[in-house]
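Let's walk through this structure together, one piece at a time. Keep the sequence and the 3D view open while you read.

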Amino acid sequence: MFFFRRPQKKKIFVLGLDGAVKALIDRPQLPYFEKLLAKGFYQDLISRPAITSVAWPSMVSGVNAGKHGIFGFRVGEELFFADAKKAPELWDYLPSIALNIPMTYPVRPIEGIMISGMMTPDWGEEAVYPSSEIPFLREQGFVFEPEINLEAVQQSMAAKIKVIKEYFHRPWELFFVVFREFDVLQHFFWGQEIPFYQEIENLLRWLLEEEKFLNSPENSLLIVSDHGFAPVSQVFDLEQWIKENGWADKVFVGGWGSLYLRGGKEEKEKNKKELEKALKAVKVEDKEILDVYPREEIYWGPWAEKGPDLVVSPRRQLGFTFGLRTGKIISPSEHKNGCHLEEGIFLALGERIRGGKKEEARIFDVFATIMELAGHKLPPEIDGEPLLQLQS
Ligand SMILES: [Zn+2]
């Protein structure tokens with residue numbers, strides 16, 4: 001007699017910690033993380049530019065912004081929302097729970113459940129699919145984006161964890177949740193003990209020891225961030241620099257470090273080269289303090305033309321960031337003491353995982369990695385490649 005075993009579903013749980021960096025999870029205060037780091041496969045995940053609203057769409061679609069069309073939260077006064085996205089995402093392939101991921105508002109029907117993330121104005125059909133989940137979410141005290149104070153963050157995390165524990169028992173192949181809370185807090189509370197990583201350890205204990213998620217050899221757990229974080233102490237005022245250096249008529253700042261040149265094509269090309277050179281030459285104590293990326297270096301594809309001509313990023317390694325306008329090109333940072341770093345985290349656990357494949361892991365490789373873990377073919381148009389060697 002033959003027994004036909006249905007192939008077991010390969011389930012993937014992705015825990016997104018917005019703004020997590022290795023130095024924050026690899027500390028003696030976090031023994032469970034220490035254990036998981038020792039057991040799993042770890043690699044820094046490079047996010048360029050290190051912008052939340054660009055990085056998460058890249059991670060879930062496997063393409064750069066020139067193909068998914070989201071270049072930031074805003075250009076000038078215009079805000080970007082999920083309905084501007086041009087590329088298919090993980091939930092177009094896998095039955096999913098997509099919980100609180102940035103740039104998913106307004107939500108769309110998927111096979112599963114989708115709860116939007118930051119920039120969600122209010123409850124309603126555009127925030128939750130299916131909307132029949134709204135009463136349950138409200139009952140748990142779920143919020144789309146917490147206010148920036150410790151108490152509000154604690155409540156929002158607790159509510160989200162309750163929602164995770166409920167949805168875990170619904171049908172899914174991909175469970176993708178993001179804790180934006182870390183990015184929000186670390187800008188202002190860097191250097192203080194942020195207690196919430198312990199909450200994540202508890203969540204992981206629940207997942208692995210109570211639910212025994214990884215006891216099934218087909219299952220995988222990924223812990224990822226959209227970018228890292230580093231301490232900062234100085235603010236570079238890009239608009240002030242533009243003004244003082246005679247560029248005000250030729251360029252405008254669209255969003256975080258995004259420069260759009262004005263004028264005709266030829267003029268723009270000439271100015272772009274000149275401006276790139278001038279910005280790269282900005283020095284403090286003999287050190288260049290800005291990374292400057294021409295569009296073609298970081299964005300390619302059918303929508304790339306819509307992106308900024310140059311993206312400027314103050315070097316966090318030297319303690320520089322953008323901040324409120326101060327009227328001085330460089331001044332001490334009074335509001336923020338932490339800011340984004342290109343090096344985020346990628347930690348993978350599961351019995352099938354044998355190690356890594358690539359020297360440099362990039363944000364859009366996560367999509368390809370998840371698709372491969374799920375046993376799916378990779379769509380040919382993606383930029384990413386799988387990061388893991390799997391047991392054959
Ligand atoms: Zn972020």
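Strand 12 and strand 13 pair in the antiparallel sense, over four bridges. What you're looking at is a predicted model, where local features need pLDDT of at least 70, side-chain atom pairs count only at pLDDT 80 or more, and totals for chains, interfaces and linings use all residues. Residues are numbered from 1 along each chain as its sequence is written.

Back to our two strands. Strand 12 and strand 13 form a hairpin with two residues between them. Take a look at Gly 257 in that turn: its phi is positive, about 70°. Across the pair, Val 253 stands opposite Leu 259 in strand 13. Leu 259 also stands opposite Leu 310, which belongs to strand 17. Strand 13 (residues 258-261) and strand 17 (residues 310-314) run antiparallel and are joined by two bridges. Ser 258 has Val 311 of strand 17 as its bridge partner.

Axes here are lines fitted to C-alpha atoms, for helices over the stretch in contact, and angles run from 0 to 180 degrees between N-to-C directions. By contact we mean that the C-beta atoms of two residues, placed from the backbone, lie within 7 Å.

Is Arg 315 exposed or partly exposed? With 19 C-beta neighbours inside 10 Å, Arg 315 counts as partly exposed. The cut-offs are these: a residue is buried if 20 or more other C-beta atoms, placed from the backbone, lie within 10 Å of its own, exposed if 12 or fewer, and partly exposed in between. Leaving out residues up to four places away in sequence, Arg 315 touches Ile 289, Leu 290, Asp 291 and Phe 320.

Nine strands form an open sheet in the order 7-6-5-8-1-9-21-2-23, and the pairing is mixed. Strand 7 (128-129) and strand 23 (361-362) stand at the edges, each with a single partner strand, so one side of each is left without a neighbour in the sheet. Strand 2 (residues 41-46) pairs with strand 23 in the parallel sense over two bridges, and Ile 46 stands opposite Arg 362 there.

Helix 12 lies across strand 1 (12-17), strand 8 (174-179), strand 9 (220-224), strand 21 (343-349) and strand 23, running at about 160° to strand 1. How many of the nine residues of helix 12 (residues 365-373) are buried? Eight are, so helix 12 is largely enclosed by the rest of the structure. Among the buried ones are Asp 365, Phe 367 and Leu 373. After helix 12 comes Gly 375, with a positive phi near 80°.

Helices can sit beside each other, too. The axes of helix 6 (residues 150-167) and helix 8 (residues 196-210) come within 11 Å and cross at roughly 10°. Val 153, Met 157 and Ile 161 of helix 6 make the contact with Phe 196, Glu 199 and Leu 203 of helix 8.

Finally, the whole chain. The protein chain has 12 helices and 24 strands, and buried residues make up 46% of its 392 residues. The C-alpha atoms fill a box of roughly 80 × 45 × 45 Å, taken along the principal axes.

Methods. Pairing = 2+ DSSP bridges.
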